[in-house]
Amino acid sequence: MAPTPPGSSSAAPQGVKSATVQQPLTLVMTIKSDNDYQALSALLTKIQSAPPEQNPIWKALTILNNVHFARFVFLEQNTKLAVITTYDGTFEDYINEFIDAIGDVFNALLAHMKDGPQLPVQQNRDQFLNYVRSNDLRAIEPFYSAYPKATVLDIKAALGQ
Amino acid sequence: MPELPLEDVQGFVLRPYGRPALRVFLLRVESAPSAGRFLRSLVGGDASVPQLTSAAPWVTKPNFCINVGFTYAGLAALKLHPQTLASFPAEFVAGAVNRAARVGDVDESAPEHWKGGLADASRIHTLLFVFAQSDAILDNVSADLRTLFGKCPAFSEVSVQDGRALPGSVAHFGYRDGLSQPTVEGGPRPSVAEVLPTAPAGEFLLGYPSQYDSFTYPVPQPRELGHNGTFLAFRILAQNCAAFEKFLVSAATQTGLDPELIAAKLCGRWRSGVPLALSPQSADSFLPLEQYNAFDYAPTSELPNANDDRRGYRCPIGSHVRRMNPRHSLVAGNSGLKRRIMRRGLTYGPPYDPMNPDDGIERGLLGLFIGVSLKDQFEFLMSDWANKATFAPGLRDTRDPINGDNSGPGATFLIPVEGQPPLELVGLSRFVTCRGAAYCFLPGITALKYVAGVAGKG
């Protein structure tokens, strides 16, 4: 498998590349059918309405300590699901940790996606990485950050956490 | 705990040999059939021929140990099937030359400056490692091996790299070395006990569940070839002792701290090996050796009374041993325990003489870094933890003060101080320069017979 620079598959026009330690992830996944949308909607509602300590997404992102923000959005008349995050460093370098923390959530989501990778993602790690790469729209550069050098861990430490 | 077939694993993967002499033959395949016969002889059981050392327990320590590794070019030269070659991971196929920039081997560490023929990866096929109890034994075994691989000839020598232990188990910057090694499930126990969780076998051997959830690293095919194998990064790392000592003095002047405390802050251990986490004020000479690894940077179930050093007031977060093995420190990805490597190898060159600092003699470390994934272990350590600052809090844009690339202007090291801004040491340089590197596949014993068989058919 030839290494692909992150974002190289993106269709977004590229301006001046930003030198932030934070990186944008704009993962847009195509949902198989309306029934799949209904199932996804119910699943995400259930997960996101749980208190943080019982929300597997919340718990995973807290453990990872390299994701600043994350949100899920249905797009294009509920035919697509976007995961929009800002994270530190190189996604590929932390793919194994990401899968270990949140793989089961993605197993549940990806079962409803068109052209999804083979599941479970824990046993198909390269395929999952390739799927994310090829469905990540990233951003039209530059990616703006008010604090381009600060990581999640820097900010939490500065806040005394 | 699963039983590991120790007799099928190359010895140095799982056990340190503790031998004071090391010779690494960098070999080029001259004839695949002859090479196959030579390799077969290493595992043929004929006591009159030097034999490869497995990880099986020994009753008496042998006088010498032999191991072997192959580069990607070497496996091709030994005529392995294209499908087999295609089953190896991309970073191994690319090799150390092509992956140099990723691990910080740039500028004076770049491959074009490498020695021993390592700059031309197409010529380096096989690395033969000989560990010996004395120089005389090393020379005898070398002579035997040269006779054997020189037949026909099977291999030619591109170069030979020799390592010799320094008195007191120290490396050239004067630190006691090799203290912390992972304990592998099913493998021998380390000589200095660990308090960290035991590593799953698949973190160090192909074919077993890895450190990641429900994941076994892909085994090169056929399974007979890949199973019980692993990977090794061989590195010739020159150490600039004069520059390092000069920096200690300069940093002491900058801060008013003792040069030995500066040395301890840079490394995370005093030069005696005593960790700052246990003895932040002095190189406590009363700490028994078996406790030199009994520390962490946060309280854990194994060490509930460990000091919570999340800000690095005892041991700087950017210090060498804390970067290379963050233990239970807070790090990005929660990956502090998943990137471990087995460190073998030995120093080379004579001891540094402070009275003759610019003697023009190269000295350093022949580093052997072993793990099931070069990319996720060795390369990650160098790219993310040694040469970046995003994995842990408060590092700004610093790099590992000892093995990081600090050749750029303004290279800094931070010493956190409670209640104050960190002390900023300036004037670092690249104290360790890579003088050569190669990525090797270390087959198991069954697999070596397989390689020998394929090569033997030519």
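Across the interface of domain 1 and domain 2 of chain B, 14 residue pairs are in polar contact, both partners being at pLDDT 80 or more. The residues on the side of domain 1 of chain B that touches domain 2 of chain B comprise 15 nonpolar, six polar and seven charged. Salt bridges across this interface number zero. The model is predicted, and every value given here is computed from it.

The two domains of chain B are assigned as follows. Domain 1 covers 6-237 + 438-454, and domain 2 covers 240-334 + 386-436. In the contact, domain 1 of chain B takes part with 28 residues and domain 2 of chain B with 36 residues. The centres of the two domains, taken over C-alpha atoms, are separated by 30 Å. Interface size is often expressed as the accessible area lost when the parts come together. Between domain 1 and domain 2 of chain B, the buried area is about 2,600 Å². Carbon and sulfur atoms give 59% of that area. Three residues stand out on the domain 1 side. B:Phe173, B:Tyr175 and B:Val195 supply 31% of the area that domain 1 of chain B buries against domain 2 of chain B, more than any other three residues.

The interface between the chains was treated likewise. Chain B contributes 30 residues to the contact and chain A contributes 22 residues. The area buried between chain B and chain A is about 2,100 Å², with 49% from carbon and sulfur atoms. On the chain B side, B:Asp213, B:Gly333 and B:Thr390 lose the most area to chain A. Together they account for 23% of what that side buries.

Five salt bridges are counted between chain B and chain A. B:Arg339 forms a salt bridge with A:Glu97, in which the closest N and O atoms are 2.9 Å apart. Twelve residue pairs are in polar contact between chain B and chain A, both at pLDDT 80 or more. Helix α11 of chain B, residues 375-386, gives the most to the side of chain B that touches chain A, with five residues. That side of chain B divides into 13 nonpolar, seven polar and ten charged residues.

Over all chains, the salt bridge count comes to 32. In chain A, the side chains of A:Glu141 and A:Arg138 meet in a salt bridge at 3.4 Å, N to O. A:Glu141 and A:Arg138 are both buried.

In chain B, a salt bridge joins the side chains of B:Arg146 and B:Glu157, at 2.5 Å from N to O. B:Arg146 lies in helix α6 (residues 135-149) and B:Glu157 in strand β4 (residues 155-164) of chain B, so this pair ties together parts that are eleven residues apart in sequence. B:Arg146 has a relative accessibility of 35% and counts as partly exposed. B:Glu157 is partly exposed too, with a relative accessible area of 33%.

The side chains of B:Arg396 and B:Glu424 also meet in a salt bridge, at 2.8 Å from N to O. B:Arg396 lies in the loop between α11 and β8 (412-417) of chain B, and B:Glu424 in strand β9 (residues 420-426) of chain B, so the pair ties together parts that are 28 residues apart in sequence. B:Arg396 is partly exposed, at 48% relative accessibility. B:Glu424 is partly exposed, with a relative accessible area of 43%. Elsewhere, salt bridges that share partners join A:Asp93, B:Arg99, B:Arg102, B:Glu379, B:Asp384 and B:Lys388 into one network.

B:Ser279 lies in the loop between α9 (259-267) and α10 (320-324) of chain B. The relative accessible area of B:Ser279 is 9%, so B:Ser279 is buried, the cut-off being under 20%. Leaving aside neighbours within four places in sequence, B:Ser279 is in contact with B:Trp270, B:Val274 and B:Asp284.

B:Pro222 is found in the loop between β4 and α7 (223-226) of chain B. B:Pro222 is partly exposed, with a relative accessible area of 28%. B:Pro222 and B:Pro153 are 69 residues apart in sequence. In space, B:Pro222 and B:Pro153 are 28 Å apart, C-alpha to C-alpha.

Terms used: Residues are numbered from 1 along each chain as its sequence is written. Chains are lettered from A and ligands numbered from 1 in the order in which they are written. This is a predicted model: local features need pLDDT of at least 70, side-chain atom pairs count only at pLDDT 80 or more; totals for chains, interfaces and linings use all residues. Side-chain values use heavy atoms; hydrogens and water are left out. Helices (H or I, at least four residues) and strands (E, at least two) are DSSP runs, numbered from the N terminus. Buried means under 20% relative accessible area, exposed over 50%, partly exposed in between (1.4 Å probe, protein chains only). Contact means heavy atoms within 4.5 Å. Domain bounds come from an automatic or database domain assignment. Buried area is the accessible area (1.4 Å probe) that two parts lose on being put together, summed over both. A salt bridge is a side-chain nitrogen of Lys or Arg within 4 Å of a carboxyl oxygen of Asp or Glu. A polar contact is a pair of N or O atoms within 3.5 Å; within protein, one must be able to donate a hydrogen and the other to accept it, and residues adjacent in sequence count only if both atoms are side-chain atoms. Ala, Val, Leu, Ile, Met, Phe, Trp, Tyr, Cys and Pro count as nonpolar, Asp, Glu, Lys and Arg as charged, and the others, Gly among them, as polar.
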